[in-house]
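Please open the structure in a viewer and keep the selection tool at hand.

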Amino acid sequence: MQYPIETDQIIGIALASGVFLTVVVVWLVLVWRRLEQGWRLVENHWHTLRARLKDRGDLLPQLARVTQHRLVMQKDSLEVLRRLRTRSISGRNPPERAAAEAELEAVLGRVLAAAMADPGLAGVTEFETVRTALADSTAQIRRAAAVYNDAVATYNQSTARFPANVLSRRMGVVKAEYFDDGRGTFFETRRDGQGAAVAEGHAQAR
């Protein structure tokens, strides 16, 4: 024989269900907020990295102006630097910009090596000022790229873990892209070894 459910039992079940649903909703909101915070961090570091790339790009016309009258044999390389700068600025995503910047660094290294070997430029204040600024700018880019890629790795790992992975699929969350030219040029080993681990994990994922 079945007994009717008493009113206090119904209230208890309703309260328990309400508490359960509230906990689930709060939990999902917290998970989503963590994802949003991770994405904002990636965007902030990307903004910083782009600013550092712009700073170096703005120095290239100065380098060309200071050296072109001496580096006749490097005229084509100076033009390549200009094109690579334009290509980087027009890059649609971090990998495209990384590819252009990696090529730019290689060409820039050759131009600077030729300039430093030129007796007419060695010790010239204006050239040394530009050269020092470029070296500092490149170092800043490397640091900013390492921080950005670490933020990308942390964010992507967070979206892959349960329950965030379920929520990510439901909400159409996409993974952040590494600043990577395909050869790991912009991955650096940090003192805690995390940078190397990130680079290794990214290489395995490709």
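Select Phe179 to begin. At 0% relative accessibility, Phe179 counts as buried, where buried means under 20% relative accessible area, exposed over 50%, and partly exposed in between, with a 1.4 Å probe and protein chains only. The model is a predicted one, in which local features need pLDDT of at least 70 and side-chain atom pairs count only at pLDDT 80 or more, while totals for chains, interfaces and linings use all residues. Residues are numbered from 1 along each chain as its sequence is written, and side-chain values use heavy atoms, with hydrogens and water left out.

Rings of Phe, Tyr and Trp (its six-membered ring) are paired if their centres lie within 6.5 Å; planes under 30 degrees apart count as stacked, over 60 as edge-to-face and the rest as tilted. How many aromatic pairs does this rule give? The count comes to five aromatic pairs. In one of them, the ring centres of Trp46 and Tyr148 are 5.3 Å apart and the planes stand at 45 degrees, so the pair is tilted. This pair links distant parts of the chain, since Trp46 belongs to helix 1 and Tyr148 to helix 4 (residues 125-160), 102 residues apart. Helices (H or I, at least four residues) and strands (E, at least two) are DSSP runs, numbered from the N terminus.

Trp46 and Tyr148 are both buried. Trp46 has a relative accessibility of 16%. Now return to Phe179: its ring centre is 6.1 Å from that of Trp46, with the planes at 50 degrees, so this pair is tilted. Phe179 lies in the loop between helix 5 (164-171) and helix 6 (194-205) and Trp46 in helix 1, so the pair ties together parts that are 133 residues apart in sequence.

**The whole chain**

Zoom out to view the protein chain, which has six helices and zero strands. From the N terminus on, its elements run α-α-α-α-α-α. Of its 206 residues, 35% count as buried. Contact means heavy atoms within 4.5 Å. Among contacts between residues at least 6 apart in sequence, 74% join residues at least 24 apart.

Select Ser137, which lies in helix 4. Is Ser137 buried or exposed? At 6% relative accessibility, Ser137 counts as buried. Setting aside residues up to four places away in sequence, Ser137 touches Arg52, Asp55, Arg56 and Leu59. A polar atom of the Ser137 side chain lies 3.3 Å from the backbone nitrogen of Arg56. A polar contact is a pair of N or O atoms within 3.5 Å; within protein, one must be able to donate a hydrogen and the other to accept it, and residues adjacent in sequence count only if both atoms are side-chain atoms.

Next, select Arg52 in helix 1. With 24% relative accessibility, Arg52 counts as partly exposed. Beyond its neighbours within four places in sequence, Arg52 is in contact with Ser137, Gln140, Ile141 and Ala144. The side chains of Arg52 and Gln140 are joined by a polar contact of 3.5 Å.

Follow helix 1 (residues 7-67) to Val66. At 6% relative accessibility, Val66 counts as buried. Its contacts, not counting residues up to four places away in sequence, are Leu121, Glu126, Phe127 and Val130. The C-alpha atoms of Val66 and Val130 are separated by 8.5 Å, although the two residues are 64 residues apart along the chain.

Select helix 2 (residues 75-89) and find Ser77, Leu78, Leu81, Leu84 and Ser88, which are buried. Seen down the axis of helix 2, its buried residues fall within an arc of 120 degrees, so they line one face of the helix; the arc is that of the directions from the helix axis to the C-beta atoms. An α-helix has 3.6 residues a turn, so residues three or four places apart point the same way. Exposed Lys75 and Asp76 are carried on the face of helix 2 turned away from its buried side.

Finally, select Asn93. Asn93 caps the N-terminal end of helix 3, with a side-chain oxygen 2.9 Å from the backbone nitrogen of Glu96.
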